[in-house]
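User: I would like to learn how to read salt bridges in a protein model. Could you take me through some examples step by step?

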2 protein chains.
Amino acid sequence: MLYLIGLGLADEKDITVKGLEIVRKAERVYLEAYTSILLVNHEKLEAFYGRPLILADREMVESASDEILADADKVDVAFLVVGDPFGATTHSDLLLRARQLSIPTQTIHNASIMNAIGTTGLQLYNFGQTVSMPFFTDSWKPSSFYDRVAENRRIGLHTLVLLDIKVKEPSLENLARGRKIYEPPRFMTVAECAVQMLETEEERKEGVYGERSLAVGVARVGSTEQKIISGTLRELTSIDMGPPLHSLVLLGKRTHDLERDVLAEWAVNPEVLNEVWTKDYAKQ
Amino acid sequence: MLYLIGLGLADEKDITVKGLEIVRKAERVYLEAYTSILLVNHEKLEAFYGRPLILADREMVESASDEILADADKVDVAFLVVGDPFGATTHSDLLLRARQLSIPTQTIHNASIMNAIGTTGLQLYNFGQTVSMPFFTDSWKPSSFYDRVAENRRIGLHTLVLLDIKVKEPSLENLARGRKIYEPPRFMTVAECAVQMLETEEERKEGVYGERSLAVGVARVGSTEQKIISGTLRELTSIDMGPPLHSLVLLGKRTHDLERDVLAEWAVNPEVLNEVWTKDYAKQ
C-alpha cells in the first residue's frame with residue numbers, strides 16, 4: 001500500500017494519530033521536501049516518529065517515482081507531505097502512477113494553508129481561486145496571478161496568495177553549466193509579496209488593486225509563533241513578520257461585519273484600516 | 001486557555017497528536033455536534049480520548065457561549081469541531097467572545113472537506129468560491145447558490161457544493177408550537193443535490209449548467225469507505241453513494257489534462273464522460 005500522509009503545518013505533533021501509526025509500521029518513509037516545509041527540521045521528525053526519513057526532492061518525485069513505489073504492492077510505503085497531500089499537483093501524478101501499477105493507495109488528510117487561512121477571521125466561503133506569487137527576477141516578472149486576482153476582485157472575493165519557496169534549486173548559472181550545486185533556501189516574505197504586487201499594478205495599470213487595498217499577512221500559521229497583520233498593501237511593504245512561512249490574503253469587497261471586527265484586531269494602524277474599510281469595503 | 005481543535009473527517013484517529021494531548025489534559029471537553037459529523041459516534045470518541053464529552057448544540061454555542069468559556073482564563077477548555085475549526089462562522093464568534101473576555105485561545109487545525117476535496121484529482125487552484133446547498137421544501141427553494149456557481153463558471157472554475165445536514169432541528173410544526181422535539185437527523189445525498197440543481201436551472205433558465213454538465217460526487221472522504229463518482233448531473237440524480245457525508249463538485253471549464261485522466265477513473269459511464277469532456281470541457 002502507498003500511503004500519502006499529510007503532516008499539517010507547524011511541527012512533529014501535527015501529524016494525525018492515524019498517520020503516526022502508519023509511519024511507525026511502514027517499510028519505507030519518504031518526506032517530500034520541496035513544495036513546503038514544517039517549522040521543525042527533519043531530524044526532529046525522525047526522533048519523534050522513531051523512523052529514518054528518506055528525503056524526496058523534486059527530481060526524485062517527478063523522475064524516479066517508480067523507485068518510491070518499488071514493492072509497494074507487497075509492503076507499506078509512506079510518503080509524507082507538509083500540509084495536505086493534495087496541495088501540489090505532483091502528488092496526483094504519484095497516485096496516478098501507483099494506480100497504473102495496481103498499487104493500492106490511501107490518503108491521510110491534514111490541515112493545509114488553504115483551509116487554515118480561516119484563522120484570520122475571513123470566511124472561507126468568501127475566497128475565490130488561490131494564486132501563487134513567484135520570485136521576480138530582473139528579466140522574469142510573470143503576472144498571471146494578476147489576472148486571477150482581477151477575476152476574484154470583480155466578484156468581490158478574497159484571494160489567498162501562496163508565496164514562493166526555493167528549496168534545493170540550482171542557480172541559473174549552475175543550471176546552464178549542468179552543475180548540481182544548489183542555492184540556499186529562500187522563502188518569500190509578506191513584504192516582498194506586497195512590493196511585487198504593487199510593481200505589477202504599476203506595470204499593468206488595470207486598477208485591480210493598489211496602495212490602499214486591504215490585505216492580511218500571516219506567518220507560521222498553526223504554530224504558537226503564528227502572526228497575523230492587516231493593513232494596506234503599502235503598509236505591508238515595510239512589515240517584518242519574522243521567519244517563514246508567510247502567506248497573504250488580498251481582501252475582496254464582499255465582506256461581512258464580523259470580518260471587520262476581526263481584522264481590526266490585527267491592524268498595523270487601526271485608524272487607517274477603519275477609514276479605508278468604511279470608504280472602500282463596507283456594504284453601501 | 002480555550003483550545004479550538006479540529007477532528008478531521010472520518011474517525012477518532014484523525015485527531016492530531018497535539019490535539020489529543022490537549023484533550024487528555026483539558027478540564028472540560030466540548031464536542032460541537034451540529035455543523036458536521038464524523039463517521040463514528042461520540043461514545044467511540046470518548047473511549048479513545050479517555051474523556052467524557054459535553055455535546056454542544058447550536059443553541060449552546062450561539063446563546064450560551066459564556067458557559068463554554070467559564071473559567072477558561074484559569075483552566076484549559078477544549079472545543080472540538082469536526083473538520084477544521086474555521087469551516088463554520090460560528091466558531092469565529094466564539095473566538096471573538098473569548099478575546100473580549102481576555103481568554104487566551106489557540107487553534108489546532110485539521111483537514112476539512114475544503115482541502116481534502118483535492119482527493120478527487122481536481123486541482124485546488126481551479127476551485128472558485130464554495131457554496132452550500134440547503135434542503136428545499138415545497139415553499140422554500142433558495143437559489144443564491146446558483147448565482148455563485150454562475151460566477152465561478154463564468155471564469156472557468158470548479159465549485160465545491162457542501163450539502164445540507166439537519167441535526168437536532170425542530171420540525172416547523174413543533175417550532176410553531178414552541179415544543180423542543182427534534183426531527184431525526186437528515187443528510188443530503190449527491191443524488192438529491194443533483195436533482196435540486198437541475199430543478200433550479202429549470203426555474204432560473206440562465207444556462208449556468210444543465211443535464212450534461214459534468215460533476216463529481218464524493219462520500220465519506222478521508223475514510224476507508226470513501227467513494228468518488230464522476231458523471232453528468234443527469235447521471236448523478238440516480239446514483240446511490242451510500243451513508244453520509246456527501247459533497248459534490250461541479251466542474252468548471254478551465255481544466256487540465258491530468259484532471260481528465262483522474263475523472264475517467266471514477267466515471268459512471270466512461271464513454272459519456274469522454275464524449276462530454278471532448279465536446280464541452282477540453283481546451284479547444
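Analyst: Let us begin with one residue of this predicted model: B:Lys141 has a relative accessible area of 41%, so B:Lys141 counts as partly exposed.

User: Which side chain meets that of B:Lys141 in a salt bridge?

Analyst: The general idea is that side chains of opposite charge can pair when their charged atoms come close. Here the partner is B:Glu199, with 3.0 Å from N to O. This pair links distant parts of the chain, 58 residues apart, since B:Glu199 sits in helix H9 (residues 190–204) of chain B, while B:Lys141 sits in the loop between strand S6 (131–133) and helix H7 (144–154). B:Glu199 is partly exposed, with a relative accessible area of 32%.

User: Which residues are joined into one network by salt bridges that share partners?

Analyst: Such a network joins A:Arg212, A:Glu275, A:Lys279 and A:Asp280. Within chain A, A:Glu275 forms a salt bridge with A:Arg212, and their closest N and O atoms are 3.5 Å apart. Because A:Glu275 lies in helix H12 (residues 270–281) and A:Arg212 in the loop between helix H9 (190–204) and strand S10 (214–219), the pair ties together parts that are 63 residues apart in sequence. A:Asp280 forms a salt bridge with A:Lys279, with the closest N and O atoms 4.0 Å apart.

User: Is A:Lys279 buried or exposed?

Analyst: A:Lys279 is exposed, with a relative accessible area of 57%, whereas A:Asp280, at 23% relative accessibility, counts as partly exposed.

User: How many salt bridges does the structure hold over all chains?

Analyst: Over all chains there are 36 salt bridges.

Conventions:
Residues numbered from 1 in each chain as written. Chains lettered and ligands numbered in written order. Predicted model: local features only at pLDDT ≥ 70, side-chain atom pairs only at ≥ 80, totals over all residues. Heavy atoms only, no water. Helix = DSSP H or I, 4+ residues; strand = E, 2+ residues; numbered from the N terminus. Buried < 20%, exposed > 50% of the residue type's maximum accessible area, 1.4 Å probe, protein only.
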